[in-house]
Amino acid sequence: MIRIEHLAKQFSAPARRASGLAALSFERTPARTVHAARDVNLHALDGRITGLLGPNGAGKTTTLRMLAGLITPDAGRMAVDGIDVASRPREALARMGVLSDARGLYPRLSARENIVYYGRLQGMERDAANARAEELAHMFDMRALLDRRTDGFSQGERMKTALARALVHDPANIVLDEPTNGLDVLATRALRDNLRWLRTPEGGAKCIVFSTHIMQEVERLCDSVVVVSHGRTVATGSVAELLAQAGESDFEEAFVKLAFAAGHGDGNAGGVAA
């Protein structure tokens with residue numbers, strides 16, 4: 001189970017470059033404040049896929065990077081299976097498998113070596129990590145890839161390897177940041193099938209958080225949805241509940257109404273990061 005409460009983070013960013021006559025001035029332009037997250041709330045349960053849905057720049061990636069311990073939040077609380085991420089980060093991270101937007105595979109290593117190496121970093125014995133790599137290769141239909149160097153892999157092959165690496169230590173919680181970016185139709189369908197299985201009792205009843213900006217993925221995959229806009233959680237519920245809340249029959253129309261309704265932004269200078 002993953003719980004995020006009132007998460008906030010802002011950054012100072014270089015001022016935008018002046019143009020025209022303003023560029024001739026020697027006056028310094030103050031740095032901009034970028035509100036990456038203002039008030040993000042999420043409650044993801046075991047055995048369910050929770051979609052983190054929002055437009056580009058809504059704060060989804062920043063939120064997941066804070067959850068993964070890569071960025072320290074300015075305010076709020078995050079817990080993984082009741083373990084506070086801020087005070088016990090190593091314990092919390094051991095309970096998660098994180099697939100970020102940057103795949104980060106070592107190109108000179110084979111898929112197997114990438115997976116086993118990450119398992120070793122998670123404290124697994126080499127034989128156990130190798131056995132788990134074989135199991136995951138069967139699960140994701142990547143046995144033909146297992147002993148090939150990842151240099152030159154297609155986007156779909158890289159996704160499979162990165163997902164297997166994230167799951168090598170059999171975490172109870174899986175965090176995916178827009179994993180279908182760049183995937184073809186067949187690879188996307190395979191990923192959806194794998195995630196559906198992982199949420200079942202046979203697949204381990206995993207808690208899965210799935211960040212996306214694609215409506216169809218949410219409709220086909222997610223049990224519950226958290227809509228973020230301008231760095232804030234603006235709606236939560238199942239697809240059916242969000243449709244009812246927005247008074248729409250089309251999910252895309254419901255999302256637009258919920259995410260872009262007036263009043264979600266506060267008008268401060270700056271913007272919202274990814």
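Helix packing and salt bridges in the predicted model

The buried residues of helix α3 are covered by elements that include α4 (126–139) and α5 (155–167), where contact denotes heavy atoms within 4.5 Å, buried denotes a relative accessible area under 20%, exposed one over 50% and partly exposed the range in between, for a 1.4 Å probe and protein chains only. Helices (H or I, at least four residues) and strands (E, at least two) are DSSP runs numbered from the N terminus. The model is a predicted one, in which local features need pLDDT of at least 70 and side-chain atom pairs count only at pLDDT 80 or more, while totals for chains, interfaces and linings use all residues. Residues are numbered from 1 along each chain as its sequence is written, and side-chain values use heavy atoms, with hydrogens and water left out.

The protein chain contains nine helices and ten strands, and buried residues account for 45% of its 274 residues. Of the contacts in the protein chain between residues at least 6 apart in sequence, 73% join residues that are at least 24 apart.

Within α3 (residues 111–121), the buried positions are Ala-111, Arg-112, Asn-114, Ile-115, Val-116 and Gly-119. Helices α3 and α5 pack at an angle of about 25°, with their axes 8 Å apart; here the axes are lines fitted to C-alpha atoms, for helices over the stretch in contact, and angles run from 0 to 180 degrees between N-to-C directions. This angle makes α3 roughly parallel to α5, given that angles under 35 degrees count as roughly parallel, over 145 as roughly antiparallel, 65 to 115 as roughly perpendicular and the rest as oblique. The crossing of α3 past α5 is right-handed, a crossing being right-handed if the near helix is turned clockwise from the far one by less than a right angle, and left-handed if anticlockwise. On the α3 side, Ala-111, Asn-114, Ile-115 and Tyr-118 take part, and these residues meet Thr-161, Ala-164 and Arg-165 of α5. By class, the contact of α3 with α5 comprises four nonpolar, two polar and one charged residues, with Ala, Val, Leu, Ile, Met, Phe, Trp, Tyr, Cys and Pro counted as nonpolar, Asp, Glu, Lys and Arg as charged, and the others, Gly among them, as polar. After α3 comes Gly-123, which has a positive phi near 90°.

Helix α1 is mostly covered, seven of its eight residues being buried, namely Lys-60, Thr-61, Thr-62, Thr-63, Leu-64, Met-66 and Leu-67. Just after α1, Gly-69 adopts a positive phi of about 80°. Lys-60 has a relative accessibility of 2%, and its side chain meets that of Glu-178 in a salt bridge (3.6 Å, N to O), a term that denotes a side-chain nitrogen of Lys or Arg within 4 Å of a carboxyl oxygen of Asp or Glu. This pair links distant parts of the chain, with Lys-60 in helix α1 and Glu-178 in the loop between β7 (173–177) and α6 (185–198), 118 residues apart. Glu-178 is likewise buried, at a relative accessible area of 11%.

The structure holds 15 salt bridges. In one of them, Lys-9 pairs with Asp-74, the closest N and O atoms being 3.5 Å apart; the two residues lie 65 residues apart in distant parts of the chain, Lys-9 in strand β1 (residues 2–13) and Asp-74 in the loop between α1 (60–67) and β4 (75–80). Lys-9 is buried at 13% relative accessible area, whereas Asp-74 is partly exposed at 47%. Asp-193 and Arg-196 form a further salt bridge, with the closest N and O atoms 3.1 Å apart, and these residues, three apart in helix α6, are separated by about one helical turn. Both ends of this pair are partly exposed, Asp-193 with a relative accessible area of 46% and Arg-196 with one of 26%.

Arg-77, in strand β4, is partly exposed with a relative accessible area of 37% and, leaving aside neighbours within four places in sequence, is in contact with Arg-3, Ile-4, Glu-5, Leu-7 and Asp-84. The C-alpha atoms of Arg-77 and Leu-7 are 6.4 Å apart, although the residues are 70 apart in sequence. Thr-33, in strand β2 (residues 32–44), is partly exposed at 29% relative accessibility, and its C-alpha atom is separated by 4.7 Å from that of Ser-12, 21 residues apart along the chain.
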